[in-house]
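Let's take a friendly walk through this chain, from its overall layout to a few of its aromatic rings. Have the structure open and follow along.

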Amino acid sequence: MARWYIIHAYSGFENKVKEAILAEAERLGLSEGVEEIEVPTETVTEVKRGKKVQVERKFMPGYVLAKLSMTDDIYHLVKNTPKVTGFLGSGNKPQPISEKEAARYFGGVEEAKAAPKKDVNVEYEIGDQVKVLDGPFASFNGVVEELDFDKAKVKVSVSIFGRATPVELDFEQVELVK
């Protein structure tokens, strides 16, 4: 019976690991033991150079979820795949996760997609001078470095003791200096 396992891979190589496992399973005739391999991702909106851009981002960097019928051959196939550091689990024994837990990883991505996006309107953009209204940095002035519309956060570079320090704040905590 196939169960879900979490494979630990080098960060940034998750898709290559997925492809390598599938290709090697095909080559060795072990395809029936590898039911499904997923790299959980989510689509986020980032602001780059003042423009909103849709970007695919890994939900769990460094991890690949695989539904495997664990045999010695499948174990060695995965373990010997380049850029794989091992399975999540104790010692050398891979620990399967429940269907419910696997669904939660995919569910988190699905819930994020299904959640209604707030239409946020801000009067400042990257490079603008802003004033912090509340919080520990109230009355400080700074420059907008990043805007994250999904989290409704703004990263502002504030000068503290003569050094520029990036501070993450809510959109409502800052206002444009006129």
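A charge sits over a ring if NZ of Lys or CZ of Arg is within 6 Å of the ring centre and within 35 degrees of the ring normal. Here, Lys 83 lies over the face of Phe 13, at 4.9 Å from the ring centre.

A word on what you are looking at: this is a predicted model, in which local features need pLDDT of at least 70 and side-chain atom pairs count only at pLDDT 80 or more, while totals for chains, interfaces and linings use all residues. Residues are numbered from 1 along each chain as its sequence is written, and side-chain values use heavy atoms, leaving out hydrogens and water.

**Layout**

The chain has three helices and eleven strands; these are DSSP runs numbered from the N terminus, with helices (H or I) of at least four residues and strands (E) of at least two. Of its 178 residues, 35% count as buried, where buried means under 20% relative accessible area, exposed over 50% and partly exposed in between (1.4 Å probe, protein chains only).

An unreviewed UniProt entry annotates residues 123–150 as "domain: KOW"; such annotations may be inferred rather than shown by experiment. That stretch is 0% helix and 43% strand, and its end C-alpha atoms are 17 Å apart.

**Helix α2**

Which residues of helix α2 (residues 72–79) are buried? They are Ile 74, Tyr 75, Leu 77 and Val 78. These four cover an arc of only 165° around the axis, which puts them on the same side of α2; the arc is that of the directions from the helix axis to the C-beta atoms. The face turned away from this buried side carries the exposed residues Asp 72 and Asp 73. Cover for the buried residues of α2 includes β1 (3–9), α1 (14–28) and β5 (63–68).

**Aromatic rings**

The structure holds five aromatic pairs. Rings of Phe, Tyr and Trp (its six-membered ring) pair if their centres lie within 6.5 Å; planes under 30 degrees apart count as stacked, over 60 as edge-to-face and the rest as tilted. Two of the pairs are listed here.

| Pair | Centre to centre | Angle between planes | Type |
|---|---|---|---|
| Tyr 5 and Phe 87 | 6.0 Å | 75° | edge-to-face |
| Phe 137 and Phe 140 | 5.9 Å | 80° | edge-to-face |

Tyr 5 lies in strand β1 and Phe 87 in strand β6, so their pair ties together parts that are 82 residues apart in sequence. Tyr 5 is buried at 7% relative accessibility, and Phe 87 is buried at 14%. Phe 137 is partly exposed at 21%, as is Phe 140 at 29%. Tyr 5, Tyr 75 and Phe 87 form one aromatic cluster.

Conventions:
Contact = heavy atoms within 4.5 Å.
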